[in-house]
Structure formats: C-alpha cells, structure tokens
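Here are some notes for a colleague who is new to this structure. Please read them with the sequence and the model at hand.

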Amino acid sequence: ILLHRQGRAQERAELAEYHIHMDVAFFLARPMFSHAINQKYDALRKAEPNSKKLSTATKTAKYCEAVAEVMGPVAMSVRPLHPPKVWEDISPQFLTTFWSLTMYDLFTPTQAYDREVAKIRQIQASASTSKELPASKQKKEVERYTALIEKLQDEKKKQQEHVDRVMARLKQEKDSWFLSRSAKAAKNETITQLLQLCLFPRCVFTTVDALYCAKFVHILHSLQTANFSTLLCYDRLFCDITYSVTSCTENEANRYGRFLCNMLETVMRWHSKKEIFDEECASYPGFVTKFRVSNQFSEANDHVGYENYRHVCHKWHYKITKAILVCLESKDYVQIRNSLIVLIKILPHYPVLAKLSQCIEKKIERIKEDEKNKRQDLFILATSYSGQLKARASFLIREADFHLVNVQPVKTVEAKAEANAQNITANVSTTSAKQVNGELKQAAEKEKPSTTVPDAKKDTSKERRLNRSAPESQSPVKSSETVKKDASVVKPSKDKQEKMREKELQEKEKQLKKEERREEAKKRAEEKMLEERASPREKERERSSDKFREERYTEMPLSKDGEMVIRGTYYSASTSYYPSQDSQLSSVSNSSSGSLRHTPDID
C-alpha cells in the first residue's frame, strides 16, 4: 500500500508539477500499478477461508475489486489534466485503463510458447541419443530440458489466467468507457478523443506499444463496446495518413508502420472470407451504420454487409496509396524517408491490388533515378523496397477479385439500344406522317374553288412548286372508303412504309431545290436586262468614280520589305487597312465612298 501511494504521488507530481507527457508518466508508473494490483489481489484472495480452492469466478471478482481499489484514485487524479469537454465523450476510467495495461495483459503468445517447446524437445531428443556424452551427463541434460519445458508451460498457463482476469475486468468496465451525448458524438467525437489522447501518442512510443494499440482496438471491437464504431475508427486511421507520416521521426515512422501493419492484418483477415466476417463482424455494434443514443440496433439494414465491407476495404487501400504518393512527390526529405519506411513495414498486407502496386512502383523508380547521385540513404531505401515489392508480384490480385465491381449487364445495354432505336423510328414515322398530312391538306385547300381574287393571290411559291411536282393523274385526297380498301388489300410492314415515305420526301426536296435554282437564274437574267437598259450617263459616272479610287489605292503604304501591297481590304468609317499578306501596315485615310471594296491588282 505504501508503494502504491508513493507511485500515485509520483505520477501526480510528474503530470502536474514536472509537466511530463502522459505516455512517459504512465510508462514510468505502469510497473508500480501492476505490482500494487497483484499485491492487493493476493491479499484479498488469501483473506478467504478456502483460498486454495477458490473458483475462477471468485478469483475474477477479487481481481476486479483489487483493480478498482488501486486504479480508482488514479482515474480521479487524471481528470484535471484535460478540459471538461473531453470527459463528455470518454471516461477517466477508460484513459487510465488504456495507459496502465501492457501487451502482457491482453495477449498470450501461444504459438511462440509452442514453438519454443518444440525446439527444446528436439534438442532433448538429440541429447538423449547422443553417443558423445556419457550416460550420467545425458540424464542430467534430459532432466534440465524437461524442467525448462515445464517452466515454459507453467509460465504460459499463468499468463493465460492473467489475461482471462484482465478480459473479465474489461468486460465489466466497457459499458462506462464511452459516454455518448448524441448519435453524432458517438460517430465522431468519441473516435477523435480516442485517437488524440490514446492511439496516436502511444503507437509511436515503442514497438511493443504499437502492437498494443492495434490489439486494444481489436479488443474494443470484440468486446462489443457500447458507443464505439469500429468502422469509423479504422476509417479515420486509414483515410489520411499524410500528416501522421510527415510528423514522425525516423524511429517513430518504424513504429507507426508496425501499428498500421497490425491494423491492416485484422482488416484483411475479415476481408479474406465471408465466414470469418460473419462470425466476428456481422452482428457486432462496431459495424453499425445508423447510430442511436441508446445503442439499440434492431433493424437488419443497420449493419454493413460483407460486400459493402469489401468496398470499404478497397477505399482504404486507395486512400493509403493516395497519401503515400503525395509524400513521395513532395521532394521533402522527411516525407520521402518516412513514407518509404512505412511502406516497408506494411508490405505483408499492402499493396494487394496490382493497379495500386504499379502506381507505387512507378513512383519508386522515379525516386531511385532522382536520388541516385544526391541522397544515398533515400536511394538505398527505395531500392530495398522496390526489390521486396517485385518479389511479392505473384501475390497481387485484380480489382474484380478484391471486391465486387459494378458492371452493367449486357442484356440491359442491348435492351436500352433497342428502346432507343424504336424511339428514333417512331419519331421519324411521326414526323414523316405529319409532313405528308400537311402536304395533303395544302393540296385539298388548293382544289377548293376560290371565291375571291385576293385569296388566290395568297398562294406562295412553295405551294406552286409542290403543285407542279405532283403528278396530274394522282389525286391529292382519297376518300375514307378507298383508304380502307387499300389497307385491307395490302398491309406492308412498318419498315417499308417508312422507307417509301423517306424516298418521297427526298424526291420532293430535290424538286424544290431545282425550282429555287430556276427562280434564281430568272432573277439574275432580269437584273442583267435592267443594267443593260441603264443610261450612258450613269456608266460614265461609275467609270470616273472607279478611276478616282484606283488613284487613291495606288498611294497606299508599302510593306516592310518595300514592295507595294497587292491585295487587301479597305474599311471605311475610321478603320484601317488590313492586308491579307502583312498585318503590321499603318492605317490610311478613310474612303470617300464609305463602302467595303477590294483593291485592284497592281502590276
């Protein structure tokens, strides 16, 4: 108890008086907290009458009681270190729990223990059959290896029991960790406080702390912690790592890369099989998309499905690639170095897509070319990563294998094309029918007897041309009986009718163009006749004006080469002369006639 009080007083002094950062203060005080909890737990356990025959549930209850007694005052001492708004999203108990635990409390390396035990057994078997050692020494070696195996197995058992007690403690505390003010706070503010106060400061402190942070996030998800969104936590971690990579030192970049690697390992394990995803994620509150204050999610559509989760994983890989490329293109030494370190660390789980790997590989090759004779350390890092990336080329997959790509079915495309073709043919048929009906109406109106002379004069030239083009034998309007007879006798297909109508329209357009050409020729002939009938005085007047203009145009400026301008256009009304061959000539005086004319050829 005295040691615990001294440790608590020391931590309070470090945080308040000496202004030591939280990660360093808890790093120094963490062993004292663990020792005080174990001492209190042993005291409570031995106080029971049958201390050696206590059940697992009783031991767990005693351990939780010891933790509450030891860490309760620590949580109260942490409260003044942050503004009151922080404690509206996370509790001081969660902060002290996160910073007081270690990897030893959360995880038992069962595979490592089994691997070491298997190695010792192999050595034991070789020592027992060795002919070089005498029998007495062989027996001693076998006994020594047997004791070592028993020691490792006992150590593994004790650690597993300790991990179980810690997990029971976390299950008991989890509902009071994140205090949601509203649904929006559950989505954003809680994750923001977790990242700023817990994950980012500790994941770059030591390599073991980087592994601890990744494991703690996974435990938060597996415990089904209230008001904690696993999806949002991973999304905030992966979506923009540019600033995190830039702000790290070289050693911190190594640790941050280890942290991202472990986070990606969990993400890709859920991505690998639908069975794993359904077992560990499908019905968990961390994969809920609609957040409520009461944390009740009754609707099935609230959860993210397996295919949607694969889409989200593709988005995270894309975002990581984008951030890494920004750092590599920055030309800044720190950003390039840290991004290469992070890429090397996350290589077991990124990149997975062949397309993203090609983008990164191109950028790495460019860095190798740029830094070959400049910064050798960057060149060595880029070369090392390039070789490791090429060695993993066989493990890359296509985007279609990573997630379900939205491809439009062929049937729907063909159906849309057929519908468009039908609409076009319908529009053509309606327009042609309208034109034919209009022409028939015009012809019917012409056949009516004209009562007055002015009405007859209103016929336009277009109608006259249509009347001329129409054959005399064909009657313009048919009665309803004849139309019915024709329809009953011959029923051609729609395509033939449309083709016939189009041909008729084309022929009529040709005839109209011919009539227009004839009228234009007549007009030109009439104008010529009028010009020939003009008086000789007007001709002499025009000749004199042309002669005057020729004299004026011969006085125009020369070009830069000293040659006379051959052709050009002269604009009157205070405009300049812009020749077709040289646009840099000076302006000239205005024309007396005020008209647009072309200069005559000058020999």
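1. Helices (H or I, at least four residues) and strands (E, at least two) are DSSP runs, numbered from the N terminus. The model is predicted, so local features need pLDDT of at least 70 and side-chain atom pairs count only at pLDDT 80 or more, while totals for chains, interfaces and linings use all residues. Residues are numbered from 1 along each chain as its sequence is written, and side-chain values use heavy atoms, with hydrogens and water left out.

2. Two loops have backbone features to check. Proline 351, in the loop between α16 (333-345) and α17 (354-370), is joined to tyrosine 350 by a cis peptide bond with omega of about 0°. Glutamine 224, in the loop between α10 (207-222) and α11 (230-238), is not a glycine, yet its phi is positive, at about 60°.

3. A salt bridge here is a side-chain nitrogen of Lys or Arg within 4 Å of a carboxyl oxygen of Asp or Glu. By this rule there are 20 salt bridges. Among them, glutamate 69 pairs with lysine 40, with 2.8 Å between the closest N and O atoms. Glutamate 69 is in helix α3 and lysine 40 in helix α2, so the pair ties together parts 29 residues apart in sequence.

4. Which helix supplies the largest share of the lining of the second largest pocket? A pocket is an open set of points on a 1 Å grid over the protein atoms alone, where a 1.4 Å probe fits, with protein on both sides within 12 Å along at least five of seven lines; lining residues have an atom within 4 Å of a point. The answer is α7, with five residues. The lining has 14 residues in total, and Tyr41, Lys158, Glu161, His162 and Arg165 lie nearest the pocket's centre. At least two lining residues come from each of α2 (22-46), α3 (56-78) and α7 (135-173).

5. Lysine 514 and glutamate 527 are both places to look at in helix α24, which spans residues 494-532.
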